[in-house]
Amino acid sequence: MATDINSVVLVGRLTRDAMLRYSSSGSGFLSFTIAVNRSKRNADGSWGDEASFIDCIYFGQNSQSISQYLVKGKQVAIQGELRQTKWENDGQPRSKLDVVVNTLSLLSSGNQGQSSGGNFSSQYSQRPQNQMRDNMQGAPASQPSQPVSGPGPESFEDDSIPF
């Protein structure tokens, strides 16, 4: 049985302010769209940008507190997974892919380089705070680094390596 991988990492800019919504259970989540640019050769041979617009959903305990920072033009880095939503509209099957965000990093100001209190990078994760705290408490105390034994790059004498 093969192991499947569903992982997405994107850096882009918000196309509009994030929308804070609430589920039927009362927990908050954010929905937003980011534009991710790529270089594309035009018909005349010149290079230009082409944007892809990616819908994202962030479920997290801190979604309400970070919604104020997710404004149009803000550059963000996200890591998450693709989720497909299926529905029917007028008898026609429809589907849509969204990125469910696991980690969100704020990278720059929303006004693309103009100073507005400084750029900063903050990382928000959906991991529960108590789980993060428990993981930190169980971490071993840092110890001085020990040299790693084993062959170094100079010990390889194989002429079959093509570089």
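What follows is a conversation about the terms applied to this structure and the values behind them.

Mentor: This is a predicted model, in which local features need pLDDT of at least 70 and side-chain atom pairs count only at pLDDT 80 or more, while totals for chains, interfaces and linings use all residues. Residues are numbered from 1 along each chain as its sequence is written, and side-chain values use heavy atoms, with hydrogens and water left out.

Trainee: What is the pLDDT average of the protein, and which elements have the lowest and the highest mean?

Mentor: On the scale of pLDDT, the predictor's confidence in each residue from 0 to 100, the protein averages 76, and 66% of the residues score at least 70. Where pLDDT is low, the predicted coordinates should not be read in detail.

Trainee: What makes up the secondary structure of the protein?

Mentor: There are two helices and seven strands, and read along the sequence they follow the pattern β-β-β-β-α-β-β-β-α. Helices (H or I, at least four residues) and strands (E, at least two) are DSSP runs, numbered from the N terminus.

Trainee: Why is the pair of Phe29 and Phe59 called tilted?

Mentor: Rings of Phe, Tyr and Trp (its six-membered ring) pair if their centres lie within 6.5 Å, and planes under 30 degrees apart count as stacked, over 60 as edge-to-face and the rest as tilted. The structure holds one aromatic pair; the rings of Phe29 and Phe59 have their centres 5.3 Å apart and their planes at 40 degrees, so the pair is tilted. Phe29 lies in strand β3 (residues 28-41) and Phe59 in strand β4 (residues 47-59), so the pair ties together parts that are 30 residues apart in sequence.

Trainee: Are Phe29 and Phe59 buried, partly exposed or exposed, and how do you know that?

Mentor: Buried means under 20% relative accessible area, exposed over 50% and partly exposed in between (1.4 Å probe, protein chains only). Phe29, at 15%, therefore counts as buried, whereas Phe59, at 37%, is partly exposed.

Trainee: Why is Asp98 called buried, and what is in contact with Asp98?

Mentor: Asp98 has a relative accessibility of 7% and therefore counts as buried. Asp98 lies in strand β6 (residues 92-106), and leaving aside its neighbours within four places in sequence, its contacts are Asp55, Ile57, Glu81, Leu82, Arg83 and Thr85.

Trainee: Why is Asn42 called partly exposed?

Mentor: Its 34% relative accessibility falls in the range for that label, so Asn42 counts as partly exposed. Asn42 is found in the loop between β3 and β4, in contact with Trp47 and Gly48 when neighbours within four places in sequence are left aside.

Trainee: What makes Asp90 worth a remark on phi?

Mentor: Most residues other than glycine have a negative phi. Asp90 has a positive phi of about 55 degrees although it is not a glycine. Asp90 is found in the loop between β5 and β6, and with a relative accessible area of 76% is therefore exposed.

Trainee: What makes a set of residues a nonpolar core, and which members of the largest one touch the most others?

Mentor: A nonpolar core is a set of buried Ala, Val, Leu, Ile, Met, Phe, Trp, Tyr and Cys residues joined through side-chain atoms within 4.5 Å. The largest has 18 residues, of which Phe32, Ile34, Leu70, Val76, Ile78, Val101 and Leu104 touch the most other members. The elements that give two or more residues to this core are β1, β3, β4, β5 and β6.

Technical notes:
Contact means heavy atoms within 4.5 Å.
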